[in-house]
Amino acid sequence: MAPAAQGAPPVRQLTVLYDADCPFCVHIRHWLLGQQWLVPLRLVPAGSDEARRLYPALDHASTLREITVVGDSGQLWTGTDAFIVCLWALAEHRPKAEWLATPAGRPFARGAMYTASAWRQAVRTDPGASSAAEAAAEDAEDARGAACGDHCPPSR
């Protein structure tokens, strides 16, 4: 959902809360830093002291499970909506974001989120996963769009 809804305050800055312990999330952070922004982005590690100071009322545990973007007027986007808003803030990707926010495009945005979850699962190394049932439960959680917080190996 693009944040330009009628009657909503204009978005002048977005804060992207990313999992600093997730290699995939850190890669996306670097990619975002290299893009031309139409709306300035502040990239803050999810669950960090800075995130808690900036957003004391936010459920910080959930920000480690699901991508979260906060607008400067208190707007909050998570999951697929947060993904779309991140693209909306980028010069090269705004038209694609606007399409992804439509009923025709939304399934593709959800698919991108599922693909990201599958990628994280593929690179994950978890010596503690002891049973196929556990692995299946984790795959199901990833398919629902869980973010990296408890699925990615720590950065090396």
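User: What share of the contacts in the protein chain with a separation of 6 or more comes from residues 24 or more positions apart?

Analyst: It's 66%, where contact means heavy atoms within 4.5 Å. Before we go on: this is a predicted model, where local features need pLDDT of at least 70, side-chain atom pairs count only at pLDDT 80 or more, and totals for chains, interfaces and linings use all residues. Numbering runs from 1 along each chain as its sequence is written, and side-chain values use heavy atoms, with hydrogens and water left out.

User: What makes Leu90 buried?

Analyst: Buried means under 20% relative accessible area, exposed means over 50%, and partly exposed is in between (1.4 Å probe, protein chains only). Leu90 comes in at 0%, so it counts as buried. This residue is in the loop between α4 and α5. Leaving out residues up to four places away in sequence, Leu90 touches Trp31, Leu32, Gln35, Gln36, Trp37, Leu38 and Leu41. Its C-alpha atom is 4.6 Å from that of Trp37, 53 residues apart along the chain.

User: And Ala46, buried or exposed?

Analyst: Buried, since 9% is under the cut-off. Ala46 sits in the loop between β2 and α2 (49-54). With residues up to four places away in sequence set aside, Ala46 touches Leu17, Tyr18, Asp19, Thr63 and Leu64. For the protein chain as a whole, 40% of the 156 residues are buried.

User: What makes a group of residues a nonpolar core, and which members of the largest one touch the most others?

Analyst: A core is a set of buried Ala, Val, Leu, Ile, Met, Phe, Trp, Tyr and Cys residues joined through side-chain atoms within 4.5 Å. The largest one has 21 residues, and Val11, Leu14, Val16, Val39, Leu41, Val69 and Trp77 touch the most other members. Two or more residues each come from β1 (14-18), β2 (41-45), α4 (79-88) and α5 (94-100), and α4 gives the largest share, 6 residues. There's also a second, separate core of 7 residues, including Leu17, Val44, Tyr55 and Val70.

User: Why do Asp72 and Arg12 count as a salt bridge?

Analyst: A salt bridge needs a side-chain nitrogen of Lys or Arg within 4 Å of a carboxyl oxygen of Asp or Glu. For Asp72 and Arg12 the closest N and O atoms are 3.2 Å apart, so the pair passes. Asp72 is in the loop between β3 (68-71) and β4 (76-78) and Arg12 in the segment before β1, so the bridge ties together parts 60 residues apart in sequence. Asp72 is partly exposed at 33%, while Arg12 is exposed at 53%.

User: How many salt bridges are there in the whole structure?

Analyst: The search finds 2. Asp81 and Arg106 form a salt bridge at 2.7 Å, N to O. Asp81 is in helix α4 and Arg106 in helix α6 (residues 106-123), so this pair links parts 25 residues apart in sequence. Asp81 is buried at 18%, and Arg106 is partly exposed at 23%.

User: What makes the Trp99 and Phe108 pair tilted?

Analyst: Rings of Phe, Tyr and Trp (its six-membered ring) pair if their centres lie within 6.5 Å; planes under 30 degrees apart are stacked, over 60 edge-to-face, and the rest tilted. The count by this rule is 1 aromatic pair. Trp99 and Phe108 are 5.3 Å centre to centre with 40 degrees between the planes, so they're a pair and a tilted one. Trp99 is partly exposed at 35%, and Phe108 is exposed at 52%.

User: How do you know that the charged end of Arg94 sits over the ring of Trp88?

Analyst: The rule wants NZ of Lys or CZ of Arg within 6 Å of the ring centre and within 35 degrees of the ring normal. The charged end of Arg94 is 3.9 Å from the centre of the Trp88 ring, and it is listed as sitting over that ring. Both residues also turn up among the contacts of Val39, beyond its neighbours within four places in sequence.

Definitions and conventions. Helix = DSSP H or I, 4+ residues; strand = E, 2+ residues; numbered from the N terminus.
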